[in-house]
Structures are given as structure tokens and as C-alpha cells.
Amino acid sequence: MPYRSHLLVCAGTGCVSCGAFPLKEALEKEIARRGLGSEILVVTTGCNGFCERGPIVMVHPEGIFYQRLKVEDVPFLVEEHLIKGRPVQKFMYVPPEEKRPVPKMADIEFFKHQRLIVLRNRGRIDPERIEEYIAYDGYDGMAKALTSMTPEEILAEVTAAGLRGRGGAGFLTGRKWELCRREKATPKYLICNGDEGDPGAFMDRSVLEADPHAVLEGMVIGAKAIGAEKGFAYIRDEYPLAVKRMGIAIEQARGLGLLGSDILGTGFNFDLEIVRGAGAFVSGEETALIASIEGQRAYPRQRPPYPAQHGLWGKPTVINNVETWANVPSIIRRGAAWFSGLGTEKSKGTKIFSLVGKINNTGLVEVPMGIRLQEIVYGIGGGIPAGRDFKAVQIGGPSGGCIPKEHLDLPVDYESLTQAGAMMGSGGMIVMDEDTCMVDIALYFLRFTQEESCGKCAPCRIGTRQMAEILARITGGEGSDEDLEKLERLARAVKQGSLCGLGQTAPNPVLSTLRYFRDEYVAHITGRSCPALVCKNLIAYYVEPEKCVGCLLCLKNCPVNAIAGEFKKVHVIDQDACIKCGACLNVCPAKVRAVSKYTGEKGRAINSGLPRQEPS
Amino acid sequence: MSSELSLVQRIVSQHHHRKRSLIPILQDVQGRSQWLSPETLDEVARELDIPPAHVYSVATFYKSFSLSPRGRHICTVCMGTACHVRGGAAILEHFERRLGIKAGETSSDREYTLERVNCLGACALAPLAVVDGRYYGQMSETKANQVLETVKPSKAGRRGDR
């Protein structure tokens, strides 16, 4: 290796938005200025997953992990670490509530407990250079499948591995392929479902951005197994970087004879086309996605027949999620036994989760199936920030549910999650603390599904609207005693009567919050109070006269001029004019904390003086 | 007007007049002309030889198509779950107040369009707003004011420095 050191600059969406590219330029300039251009190479990589700490730079071979770097830090970093050989402590990660930095990535709790299969190349290769993917065993699995395995053998391997669909429902991938392979009609098609619409989930974006070749390789292997020559990668339009990187990957693979006609000289043909989504959540549903590729409205249709029998243009079609495809190369390369050695009895391998919300270590984590929730939340995630208490974790997006504290020892696998009222979904994990109102969350999801309902079937179109209206009434302080029963009845009807997965799972957020947090609903209805101090109609902001120092800050920041007062005199909020935006609470200095939120009757009110977290 | 029509023709022929390419065609046209006018949609229908009703049904179904003109600056506020629990709704309301328009609207001087998006998949940055394609994470009211300052009509030239 001609270079003594490599600087790996993370170029995922998170780091890019915090300035990864200017940082990279600054590093290159400084390295050139110090005459180290022939010794040290700066490389951009895909997303590391620890997005909150961006921009991230890793120094190889030592494995030193630098975070939240700024352009101004570059000269010092180069001088100290790269010239004098002294890693710089002040740019290293310090775990929450600790003082000592952790220099190496491998020792950081966030990374330590992860098990990388799909994300194995994250942070170490440049996703825009196929050579780097190949250097880490890339296309080995495909070569093995094309040169030394029959389609039946590939199928048997994937089936034996026990791989299940990572898009949510968890259907056995091998079984799906088998169904399609048995169909006589030709041509057959493959689709990669990259229409990741679940709010709070971004693993597919990250995989496509960090390792697009893994998806591509998985698809070629799948194509050989089912006998397809044409595939489509359907990628969400909101992910421009993923579209770009997949495009580059396809071009490069074609250029090297790894895609297109006569792949690796084996006579096998397969080509791939990118289709950009156009912004409709329902197009993540497989039959709707197929309609979208055909140039129609993304309307789902009745199943069966399944796409494996009657799919794109009526032909047999296998449609798998991004993460599912990206698992395939490793399964073929390392064997079914290796893969199925990981995970639980029915859920094999690993799963990527996006750990977000009220959690210290926000980011993307890949963990073995069966890991306990608390290990993810407290071990990897580092717990809840600002000394608040964990309340629930929402898993599975709009199809999923909220899992409360009592179930933190739940093993994370398809069956356990469904039993607990949530769902694997695509793997969004949104952590919520005491300041999150569960009724408001249920309303949030129902508004989402109601807006995204395509309108084809009545239970989903009308039912979700009715449910959202009831929830809005409750959060607005106008709920009545019979509302809860009505909600439950509607939820059952929507679940049973809807045409596709969107409607069938839409009531889950309501049902799971009713199951675990019924008392919060009751507080809204009978107590006319919001225990989490979120629902605007049920809360009020007050300036505590004994604490207010009269600094004018809240007064100046109030968008509706609802605060009266003079310098060094106590300020007063006009309750009729107040729009409850919380600006006063957020700007009141931490030492003063004179603004409080109240709910219910002021006499037995709950006081919260904590502002929303500001970036540190 | 004639240049717009020829744009449609150019894009349709790039897609080999394939009817199934209606969505990418509309995306490409909008990518160049910012929005889809009734004339444009009719032209696409003629060029592809499909009923205008079909073109309209697709164009009105998908959220990324805009059937009304958009502003010079596009402000998008993320309403994903992570952004929601970290106060995204308050950020959107703040943008609405500052720009004097509701989400989904364009200001009368065609300067700003305010949009809400369900999730941009950058949840670690929550709450998140995107202004003219630039991601701004950990949004607050104060930060929103600073960002909007950079896209003020009179100071448009100074955009992008941060």
C-alpha cells in the first residue's frame, strides 16, 4: 500500500449536510500544503450510521474516530495526528455522562454491539468506486452463483438461510423466489423496492448510498435463480444521492462485464434500470409499486394472484426490499449455515434499525435478530438525553406500534414484535420520553395514513379519516367517553376491510397506544389534561413571577407579541393571545427557567421547565 | 411558449415515446420547468398518444408533481416521526408565520414555496428543514430565522455561506 494512512470521510446524507465536503477539501488542501500528498489519501465513504456526530472522519490504519469536525479544526488535526503522531482527544467521541473520550471506533458502545452483514462496507469503501467493493470480496457471491451453482442450488441456499423480507412483512425470500421460478410465463422480472416511505426509517437510503453494489450483486444472483433478464430498482425521489450512486454502480458494473449481456462470460444476461418514485407512500406496497413502474397511479390491487405469479405487465415478478437484496451476496458467499447461525429460530440474520428520536446515540444500527430492546436503547443508543425517562419506542412506522417500558426485555424478531402490537416494518425505531404524548403520536400516524391513503377502498379512505377526527377531538380537549370504544370499533373495521397493507395496519398505532397508554387517553378526555404537556388546547405557558428576571428575551421572541413587560420587571403572558408555540420556554435562559408549562387546572398542574434540546 | 412545447417533445423522444415512461417524463419536464402547466400536460398526452385524463390522473396522484407555479426559493420542513417528536410541527408553524403562507402554498410574489415532506430519511438531524436543496439539521426558531435571512430577496446573491 503506497499510502501510510487513509482518512475516511463519511459522505452520507447526514454528514454531507453538516459539511463533509468542505471538510474533505480542507483536509486535502492541508495535506498537500504539508507535503503529505503522497503519504496520506483522503477517501469519501458511505454512511457510518452515527449520523448525529457528523461530519465523521476515520483515520486508518489506527481506527481513530473523529467526530463533529469543522473546517477550522483541520490544520491542528493534520499537525498533531498526521505529522506528530498524536491523536487529538478533543475531536474524539465522549460517551454521554462520561468525561474520557473513546479514541477507536471499535471501542465505542454505539458500534461495539453491532453485527454488520448488510452494512459491512459502510464507512470503509468509496461507494462510487467498484474496485473498492471488489477488493472486499465484492461480486464473489455472484461469481460463485453464476459459475458453479444451478438455479435450484441458489434457491436452496437462500431458503436454507431462512432469509425473510426486510421490508416489513417478513415473507420467506426463498419461498417467494421459488413461487416465481415455478411459473411458466416469460419474461420474468425482478424489482428492488427502494421506496422507503416509513417516516423515521432510512436504512434503505443508507444501504443504497453506502454500498449500492451489494444490492446490484444480490439482484443478479436472484435473477439467475428465478430466470429473469431484466430488473428495476425503484428508488424514492426524495433520495437523490441514492439514485445517483445506484446509477454510477450500474454503469461501472456494466463496464466491467458484471451486468448486462454475457455476465462474466457465463452466457447469463441481466440488466437493471432505475425508476424514480414520485412521492406516494402507498407505492411501497408491492402491487402499487408495480402499477407505478407501469406508468399508472400507484393503486394496490387484490392479492392473490401474487406478483410472483402475476406481476409487472402481468408477468411473474419477484419484488424484494433493498436490505433483503443486500443480504443475498453474503449468504451465497459464506453459506446458509453461517447466516442461519445468527438470529433466532424463526428470524435469521441481522436487521438494520434506525434509532432516532429522544435518544443519545442517534443513527443506523445493524444488530442480530433476537437482541433485546433494552440493549439497543441503552447499550447502543446510550439511553435518553437530558435526564428524562424512557416512555416507549415506536417500531414499524405507520404500520407499527409503541412498545412501553415494561416490554424493554422483548427480543427483537418478527413474531415477538407483532405479538407486542408493533411490527418489524422496515425497521424505524423512534424512542420517546416523558415529553411525548402518546395520543398525539397516534394522531400523527393516523393523519399520515389518512393523507397517504390512495382512496381506492372505503375502509381505509373513510376509516382512517374518522379515526383521525376522533383523535383530533381528544387531543383538542373535546373527547367524550364513548370515543375510545368508537376508536376501537373503527380500528377493527379498517384492519379487516382494507385492501392492502397500508389500511390493514393503519390502526396499529392507535391500538397499541390504547393497549399500553389508555390512561393518557383517559386523562385527555376526563381530566382535560395532557400529561406530557404536548397537546396545545390542553396546556398553557406561564412566566413564574418569582423566577423572572425581566430580561425581555421571551418578549422579543414571542411571534404574536403576547408577552407584556419591561426591562427588569416581571413579564406576563396574555393567555388569550398566546398560540402556545413554546418560543418563550425555549429562549428563557437555562439559569433562569422562569417559563413553565401547565396542564389541567392550575392547582394540580404539572410543571415542566425543560426547554427543547438545542444542539450542543 | 414554443420553447416549453419543444422541451416536452425533446424529453418524450428521449424516453422513446414509451407510454410506461409517463412518470419519468413528467419528472424530467418538471425538473426543467419547475411545474407542470395544463398546456404541458396536454402536450405530454398528445406526444405519448394517451388520453389527457390519464396524464392528469397520474400528475395529480403523486406528490412530487406540482400543478401550480412554485417560488424561487423552496423551503421544505420534514414532518417525519423523529422530527415530530423533536418538535418539527413548531418549526413548520414558524416557517408559516415568517413567510406568511401555509404549507403547500407559494407566496404571492412567487418568492417562496413552503412544503412539508413526510420524511427525508435524515432523522438523526431532526428537526430538519431544507432550503433550496440545503439540509439544515437541529432546527430551532432562531436557526430558521438565520436560514431565512440568507434567502431574503434583496440578499439572494449571498446565499449559501454559512
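Student: Which residue of β11(A) is the bridge partner of Thr350(A)?
Tutor: The partner is Pro368(A), which belongs to β11(A). Keep in mind throughout that this is a predicted model.

Student: What makes strands β10(A) and β11(A) a pair?
Tutor: Two strands pair if DSSP finds at least two bridges between them. In general, strands of a sheet pair through backbone hydrogen bonds, and the pairing is either parallel or antiparallel.

Student: What is the order of the strands in the open sheet of chain A?
Tutor: The sheet has five strands in the order β11-β10-β14-β12-β13, and its pairing is mixed.

Student: Why are β11 and β13 of chain A called edge strands?
Tutor: Because β11 (363–368) and β13 (401–404) of chain A each pair on one side only. Neighbouring strands of this sheet are turned by 30° against each other on average, with direction ignored.

Student: Why is helix α13 of chain A said to be largely enclosed?
Tutor: Eleven of its 13 residues, in the stretch 322–334, are buried, so the rest of the structure largely encloses α13(A). Buried here requires 20 or more other C-beta atoms within 10 Å. Trp325(A), Asn327(A) and Ile331(A) are among the residues of α13(A) that reach this cut-off. Glu323(A) is also on the buried list.

Student: How do you know whether Thr150(A) is buried or exposed?
Tutor: Count its neighbours. Thr150(A) has 11 C-beta neighbours inside 10 Å, and 12 or fewer means exposed, so Thr150(A) counts as exposed. Thr150(A) is found in the loop between α6 (140–148) and α7 (151–161) of chain A. The C-alpha atoms of Thr150(A) and Lys224(A) are separated by 8.4 Å, while the two residues are 74 apart along the chain.

Student: Why is Leu148(B) called partly exposed?
Tutor: Leu148(B) has 18 C-beta neighbours inside 10 Å. Buried needs 20 or more and exposed needs 12 or fewer, so a count of 18 falls in between and Leu148(B) is partly exposed. Leu148(B) lies in helix α7 (residues 141–150) of chain B. The C-alpha atoms of Leu148(B) and Pro127(B) are separated by 16 Å.

Student: How do you know that the span of α11(A) is close to the expected one?
Tutor: The helix covers residues 240–255, which is 16 residues, and reaches 23 Å from its first C-alpha to its last. At 1.5 Å a residue, 22 Å is expected, and the span is close to that.

Student: Which elements do the buried residues of α11(A) pack against?
Tutor: They pack against several elements of chain A, including α5 (130–135), α10 (212–226), β6 (230–235) and β8 (268–276). The buried residues themselves include Ala242(A), Arg245(A), Met246(A), Ala249(A) and Ala253(A). An α-helix has 3.6 residues a turn, so residues three or four places apart point the same way. After α11(A) comes Gly257(A), whose phi is positive, near 75°.

Student: How many residues of domain 1 of chain A are in contact with domain 2 of chain A?
Tutor: Five residues of domain 1 are in contact with six of domain 2. By class, the side of domain 1 has one nonpolar, four polar and no charged residues. The C-alpha centres of these two domains lie 34 Å apart.

Student: What does chain B consist of?
Tutor: Chain B has seven helices and four strands. Of its 162 residues, 41% are buried. Its domain assignment gives domain 1 (2–61) and domain 2 (73–158), and the C-alpha centres of these two lie 29 Å apart.

Student: How many residues of chain B are in contact with chain A?
Tutor: 38 residues of chain B are in contact with 47 residues of chain A. On the chain B side, α2 (22–33), α4 (52–61), α5 (81–85) and α6 (88–99) each give two or more residues. That side divides into 19 nonpolar, 13 polar and six charged residues.

Key: Residues are numbered from 1 along each chain as its sequence is written. Chains are lettered from A and ligands numbered from 1 in the order in which they are written. This is a predicted model: local features need pLDDT of at least 70, side-chain atom pairs count only at pLDDT 80 or more; totals for chains, interfaces and linings use all residues. Domain bounds come from an automatic or database domain assignment. Two residues are in contact if their C-beta atoms, placed from the backbone, lie within 7 Å. Ala, Val, Leu, Ile, Met, Phe, Trp, Tyr, Cys and Pro count as nonpolar, Asp, Glu, Lys and Arg as charged, and the others, Gly among them, as polar. The expected span of a helix is 1.5 Å times one less than its number of residues. Axes are lines fitted to C-alpha atoms, for helices over the stretch in contact, and angles run from 0 to 180 degrees between N-to-C directions.
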